[in-house]
Amino acid sequence: MLEKHCRECGCELIEKELKGEGCVPYCTRCGEFRFPMYNVAVSMIVINRQTRTILLIRQYGRPSFILVAGYVNRGEPLEQAVVREIKEETGMTAERIRFIRTRFFERSNTLMCNFTAFVADDSEWNPNSEIDSAEWFTFDKARENIRPNSLAAYFLNAYLNEEE
């Protein structure tokens, strides 16, 4: 069970059978089932259609490259979050996006939803303060330069393996 206490009253949750759902956290004080809550984020393999290269970024003073990513706002469709995050972080407009896969990231209690996002070129490049630096890489060089053993590497390698 992920959540140990009720988010409404703070009472310790128990596991209780819910018809059709299996065992679900339950608050005996509120008399309510408390389905697990988690964050949702998008990560994007940004591809420059003109040069057929992939954008990798560095953030927060870390030396390794990762994918552009960000949290989904409450009520926001994933596809809209992809377009918004790319525009906010890079200044570029995603022309076409495609869902790839998801993976849960335990450390931040986040469901990461991965997409490819195609931009026409880098003429709109105007990074915000979240990006320390960025580079466009060929597909092979992107694979070599992504942070090893990271969720970004998992998504990038899965995409590149399917493209081969």
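The legends below describe close-up views of a predicted model.

**View 1. The largest pocket of the model, with a volume of about 640 Å³.** Its lining comprises 23 residues, of which Ile-66, Ala-69, Phe-105, Met-112 and Arg-147 are the closest to the pocket centre. Two or more lining residues come from each of strand S4 (39-48), strand S6 (68-71), strand S8 (110-119) and helix H3 (151-163). By class, the lining holds eleven nonpolar, seven polar and five charged residues. A pocket is an open set of points on a 1 Å grid over the protein atoms alone, where a 1.4 Å probe fits, with protein on both sides within 12 Å along at least five of seven lines; lining residues have an atom within 4 Å of a point. Volume is the space filled by probe spheres set on the points. Helices (H or I, at least four residues) and strands (E, at least two) are DSSP runs.

**View 2. Strand S5 (residues 53-58) and its partners.** S4 and S5 run antiparallel and are joined by three bridges (pairing requires at least two DSSP bridges); Ile-47 stands opposite Ile-54 in S5. Five bridges pair S5 with strand S9 (residues 133-137), also in the antiparallel sense, and Arg-58 stands opposite Ser-133 in S9.

**Notes.** Residues are numbered from 1 along each chain as its sequence is written. Local features need pLDDT of at least 70 and side-chain atom pairs pLDDT 80 or more, whereas totals for chains, interfaces and linings use all residues, and side-chain values use heavy atoms, without hydrogens or water.

Key:
Nonpolar A, V, L, I, M, F, W, Y, C, P; charged D, E, K, R; others polar. Buried < 20%, exposed > 50% of the residue type's maximum accessible area, 1.4 Å probe, protein only.
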